[in-house]
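Have the sequence and the model open while reading.

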Amino acid sequence: MTSSQGRILLVDDSADDVALTLRALRKNHITNAVEIASDGEEALKCLFPEDRQQPLPALVLLDLNMPKIGGLEVLRRIRGDQRTRYLPVVVLTTSSEDQDIVRTYDLGGNSFVRKPVAFDEFLDAIRLLGCYWLLVNQVAQHRAAAG
Amino acid sequence: MVATAAGALAIALGAALLAGWDVLLSAPGMLSRTQPGIAATLIALGLGLPLLATATTSPGRVALTRVVTLAGLLTAALALTLAVGGGHGSRSGQIVIAASLLLTAAAQAAVAVLDGQAPTVAHSLLGAAACLCLVTCFGYLFAAADGRYGEDPVGAFGAAALPEAAGLGLVVLGTLVARPREGMLGRLSVSGPESRRLVRALAVVLAGTLTVTGAAIWLGLDRFAPLLTGLGVASLIGFGLYAAWAVARMERARADARQEAAASHSQLLKLIDNTKSNIYMKRIDNGQYILVNREWERLFGVRREEVINLTDHGVFAPELADRLRTNDLDVARAGTTVQYEETADSADGLRTYISVKFPVLDSNGEPYAVCGISTDITDRKQAEEQVRRLNTELEKRVRERTAELEASTRELDAFAYSISHDLRAPLRSLHGFSEALLEDYGDVLDDTGKDYLSRLQRNVRRMGRMIDDLLNLSRATRVELAREVFDLTAMAKDIGADLSEADPGRSVRLSVADDLTLYGDPHLVRLALQNLLANAWKFTGRCADPAIEVGRCQRGGEDLIFVRDNGAGFDMQYADKLFNAFQRLHSTADFEGTGIGLAIVARVVRRHGGLIFAEAEPGRGATFYFNLMSEREA
């Protein structure tokens, strides 16, 4: 399962989780470049850099509970900008609160995935996500991005 | 007194007549000789009079009176026999006298024997005797006028000698007044203005009597003239007496009525004076008070004698007086009972009254007054006010409590969220990195090291499940119920399919009754059913022929859904611990479990107002029964 197309932006404040996610990606042979943001603020910096020419990531894996700017706020800003309006965003979080799920979809998140405790299950989840969002899914090319 | 005197005179006269006193006087032919029987009767009746006049209860006196009067009766009978048989003097006169004496004696005997029980009998007899007495008197008068004394039988009918007639008159009068309060005489006694009228009537009767007598003498009628005249005069007297009796009766009736009216008036006054309400009556035309009761006097400090000429304006403040007057006039106009709530300043302070007012009608049916009965309802009003205040306070408190409850629910939410996130994250790291150890460093670990790592992983998984169950339990409590009718059969089959997919190594027979439906929140009920079926699945794990059945049954009037398995079962002794969180009846080594599943089931059922219980036997399976509040009840 190889795709040199586009980067993955992994937004997570937990270093352990980042390490485990990277391991799961590696174990599933997903070799796309991974950019890491350890909170919402950093994520926004990556997504809306000074240099507008920098290409957008192919997929955002977004945690919800983070210091400074939370995941939902990041999602709101992503959907609020013409450039990132159709960017695939998968919420990957510990929570399974109904209100978080509803809010995620209300704000235009593409998927909501709850991180399983068991690593083998997590491996499966990452494999499916990578497969679907990086290979199968067709992304809308936004006008702003094109222009 | 009169009776005794009359008796004494009669005895004296009788004795004189018997002694022949009349013979001495008879020389000019004025008097005829008296029959001895008549003289003896006069003496006997004269003896009876004082005995009759003294009322006594001594048995000796009573017996003596009876003997004397009976002797009188016998003597009179003898005299009448002698008179009828012929003999001395004017025959017809003597018969009349003797008959009169017999009647009088009978009257005396009646009084003595009946002892005043039937005085009318005695007085009737006396009335008759008096009539005959009158006849003899007139007979004498006629005879005297004609100069025909003692010329019987050509003499006037009934003419008698004067001494005999006088004696007869004495005993009749004496017997009549012997017991003045009894019988007719008692009924004739009157007082007040009516008696003056009666005296006038009797004077007219007397005048008429004299006129009739004078006319008869002047006309010089024949020998029956004394009889006719006597009877006429007796009728007039009788009429006079009857009139007197009638008037007296009327007078008594009127006195009785007055007394009764006074009694009933005083009863009514007592009644209205002894009530806690204040009662009053006011004229409609000028608003003046007619009547107030004692409570009214006390409350408003005006005595009833003073209030009679006052109106409300003389008692109350102008504003209140105006309002009361308006209410009274409204009642008069309405012509019916009306109820008002009125507030007045009284001796008890400012009080509120409920006033029932109604018009009082005159004899023409026109309202002339308004009567009111006012009851103090201040205490009741205050109680009502207090109830209202307490209610408001209670509502406020309920609102506060609800707010507190909502706050604590929010805290619980936050807590659950925190558990979800904060506890699961480290678990994930534990599991992930132990997995990484196993994979990346498996070659430097011996089997024991690898075993330790897998134990670590198993426990991490278990803790993860416990956290998930706790979250579900919390969700079953917090989530708002969205009830609908749903297909329970499909739901059970669906869950069964999930279970067998997750555990493909086992084959469990699951039979679900057709057409099971329930009314409830499908998400929560699914959570409950999932736990029940997962339990059944788990506890049939060591069964040779595992079977699970879902169906509907009736128990004690309850419509129940049941989930039955033929698995390990449990001891009913611990059934009460079954539905508490973290209570397990089997060891983890025997059957994996968090001890929260049935607590979730129980919570879901209870939130639906339903019922849940279990029946089991170790080694022979368990059956869980539950129902939810029906759509009709919810």
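## Basis

Contact here means heavy atoms within 4.5 Å. This is a predicted model: local features need pLDDT of at least 70, side-chain atom pairs count only at pLDDT 80 or more, and totals for chains, interfaces and linings use all residues. Residues are numbered from 1 along each chain as its sequence is written, chains are lettered from A and ligands numbered from 1 in the order in which they are written, and side-chain values use heavy atoms, with hydrogens and water left out.

## Chain A

Chain A has six helices and five strands. Helices (H or I, at least four residues) and strands (E, at least two) are DSSP runs, numbered from the N terminus. Along the sequence, the pattern of chain A reads β-α-β-α-β-α-β-α-β-α-α.

Of the 147 residues in chain A, 51% are buried. Buried means under 20% relative accessible area, exposed over 50%, and partly exposed in between (1.4 Å probe, protein chains only). Chain A exposes about 7100 Å², and carbon and sulfur atoms supply 49% of that area. Accessible areas come from the Shrake-Rupley method with a 1.4 Å probe; for residues, only the protein chains shown count as cover. Among contacts in chain A with a separation of 6 or more, 71% join residues 24 or more positions apart.

## Chain B

Chain B holds 18 helices and twelve strands. It has 634 residues, of which 40% count as buried. The accessible surface of chain B comes to about 33600 Å². Carbon and sulfur atoms account for 59% of that surface. Of the contacts in chain B with a separation of 6 or more, 64% are between residues 24 or more positions apart.

## Where the chains meet

The size of an interface is often given as the accessible area lost when the parts come together. Chain A and chain B bury about 2100 Å² between them, with 47% of it on carbon and sulfur atoms. Buried area is the accessible area (1.4 Å probe) that two parts lose on being put together, summed over both. Which three residues supply 30% of the area that chain A buries against chain B? They are Thr94(A), Glu97(A) and Val117(A), and they supply more than any other three residues. In terms of contact, 21 residues of chain A meet 22 residues of chain B.

Gly432(B) sits in helix α14 (residues 378-440) of chain B. Gly432(B) counts as buried because its relative accessibility is 0%. Neighbours within four places in sequence aside, Gly432(B) is in contact with Leu20(A) and Phe119(A). The C-alpha atoms of Gly432(B) and Gln457(B) are 8.9 Å apart, at a distance of 25 residues along the chain.

## Two buried phenylalanines

Phe122(A) belongs to helix α5 (residues 119-136) of chain A. With a relative accessible area of 5%, Phe122(A) is buried. Not counting residues up to four places away in sequence, Phe122(A) touches Leu20(A), Thr21(A), Ala24(A), Leu92(A), Lys115(A) and Pro116(A). Phe122(A) and Ala24(A) are 98 residues apart along the chain, yet their C-alpha atoms are separated by 7.4 Å.

Phe591(B) lies in a loop, between β10 (558-565) and α18 (597-607) of chain B. Phe591(B) is buried too, at 7% relative accessibility. Leaving aside neighbours within four places in sequence, its contacts are Lys538(B), Phe539(B), Arg542(B), Ala568(B), Arg584(B) and His586(B). From Phe591(B) to Ala568(B) the C-alpha distance is 9.7 Å, across 23 residues in sequence.

## Positive phi in two loops

Most residues other than glycine have a negative phi. Lys68(A) has a positive phi, near 60 degrees. Lys68(A) is in the loop between β3 (59-62) and α3 (71-80) of chain A. Is Lys68(A) buried or exposed? Its relative accessible area is 63%, so Lys68(A) is exposed.

Asp515(B) also has a positive phi, of about 60 degrees, although it is not a glycine. Its place is the loop between β7 (509-512) and β8 (517-520) of chain B. Asp515(B) counts as exposed, at 69% relative accessibility.
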